[in-house]
Amino acid sequence: MHPKTTDVFIQYGTAGFRTKANLLEHVVYRMGLLAVIRSRVKNGRTIGMMITASHNLEPDNGVKLIDPDGEMLEQSWEEIATRMANVSDNDLESITGQIIKEVNADMSLKASVYIGMDTRYTSPRLAAAAANGVIALKGTPKEFGIVTTPILHFCVKCRNDNTYGAPSEEGYYEKIVGSFKRIRQKLSVSGAYNTTLYVDGANGVGGKKLNIIKKTLDGELDLMLFNLGGNGGKLNLNCGADYVKVSQRVPVGVEHVPYQRVASLDGDGDRIVYYYVDNDEKMHLLDGDRIATLLASYITELLGTCGADQLKLGLVQTAYANGASTKYITEELKIPVSCVKTGVKNLHHEALKYDIGIYFEANGHGTVVYSREAKNTLKKIDEDGDAEQRKSAQILLDFIDMTNETVGDAISDLFLVETVLCARGLDITGWENTYRDLPSRQLKVTVQDRNAIQTTDAERRCISPEGLQERIDEIVSEVNSGRAFVRPSGTEDIVRVYAEGDTQESADKLAEDVAQVVRELAGGVN
């Protein structure tokens, strides 16, 4: 069943396996086997399998496993997944047996696996292969059909912790959207804020789900939805959060009105960025850094008014965070910042060290996590505090319920941002004016082998190939407010280049110069 038809080596990266869809059927079947083993190692708790290639174009697809708390697969299992995906059909049974022994799985236990998929035309076939893998090792698959990646993470978490919510798409809407409506009824629309929001759905699943949610919002938010997958629009093609962030261009398929705020989702609904166009048709981007600072400042304000400022709040970023945002957070907001390697699981685990941990990648992937102590403290204030403290505690408790703490979630994050803008009476320019971003540029360089690049210091410095970091340092030293780093992709043979400078021209030139050095010293492929 689902034989291996290719010798192309595939590696489980930061977001699972991701490649051309026609190379994946045997991989997904085998991940069904592995999900059953993982479920049994976790004493029969439910594991998730999401069929998606996120922000990649439609011909690609992928699969990733979700651990019982709704988090990414434990890192030590990535190597096991890679081994299982690449073994020959003849050796699959013996390797599976070896892995079962290695991880000490009790194969007599029941095993439960939730399976979700995005809107790609190849996803149903791959989801069927996943279910077949689960059944082959006598596990029980439950197929959710087309859902956003964060909805599946939420459902896995709820299935294993019934205090978090109901493990269904309806349970997700009830908690996330219900909290938004409750909080908006406590806030009056004032100042420069208006309730109209344009949304770029990337021709993916996020826009489709917002179309369902839109009908239930009771006028609290007026969503104008674009790129919902009809009219020949292709998934993530010249649209979506990744396109807007990386190309710094407006997406096709969206009507633009000067100064109207637009939220752009990615294809599987786990990233969001905002932008607007000014009178000169220039695009202004408000990315994950901006969202993080907006949420951090509001949560800090509420903690102060409800008398819970003893709770430790921190913000987690990666090297991609704009230098201006880091300066604003540390110097203006006086909030500690941690910098970690790229990859959501790295940010998530660092955020868990705080009572309230806010993490966002600049690409718009992020959320807020709250410790049990933080939630209990706020509940106690809601019961025992004075009227002003109780009011702030209630808003913050609704804010927590509106948050999908398991993973970055474009829909949840959209409601969080809209809540803060409404509470503060801000339009999108008021939000933008809190600080000025340094101009930046990102580029990709195709290389023979991404493993030729090794990094340290949360990926901000290169340790191989020899001489590369020294050349980067030389180039950067000639640019005002210059900063640049390179890092290998987690999923394909490309090296990502990031550069900042005091002007867009200097950032663009810095990125090009660093990319050229990468081509020369790290095996660039034309």
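Predicted model: local features only at pLDDT ≥ 70, side-chain atom pairs only at ≥ 80, totals over all residues.
Glu-71, Met-72, Val-344, Lys-345, His-348, His-349, Tyr-359, Thr-406 and Val-407 line the largest cavity. I noted about 40 Å³ of space inside the largest cavity. Helix α11, residues 344–351, contributes most to this lining, with four residues. By class, I have four nonpolar, three polar and two charged residues around the largest cavity.

I then asked how many cavities of 30 Å³ or more the whole structure holds. The search gave two.

Next I took the second largest cavity, which holds about 30 Å³ of space. I listed its lining as Tyr-12, Thr-14, Ala-15, Gly-16, Lys-64, Leu-65, Met-72, Leu-73 and Lys-345. The classes here are five nonpolar, two polar and two charged.

Last, I turned to the open space. The largest pocket has a volume of about 1100 Å³. Which of its 45 lining residues are closest to the centre? I wrote down Arg-18, His-55, Asp-242, Arg-271 and Arg-496.

I also checked which helices and strands build the pocket lining. Strands β1 (17–20), β3 (60–66) and β15 (440–446) and helix α8 (241–247) each supply at least two residues. Of the elements, α8 gives the most to the lining of the largest pocket, with five residues. I sorted the pocket lining into 13 nonpolar, 18 polar and 14 charged residues.

Notes
Residues numbered from 1 in each chain as written. Heavy atoms only, no water. 1 Å grid on protein atoms, 1.4 Å probe; cavity = no way out; pocket = protein on both sides within 12 Å on 5 of 7 lines; lining within 4 Å. Points joined across faces, edges and corners; volume = space filled by probe spheres on them. Nonpolar A, V, L, I, M, F, W, Y, C, P; charged D, E, K, R; others polar.
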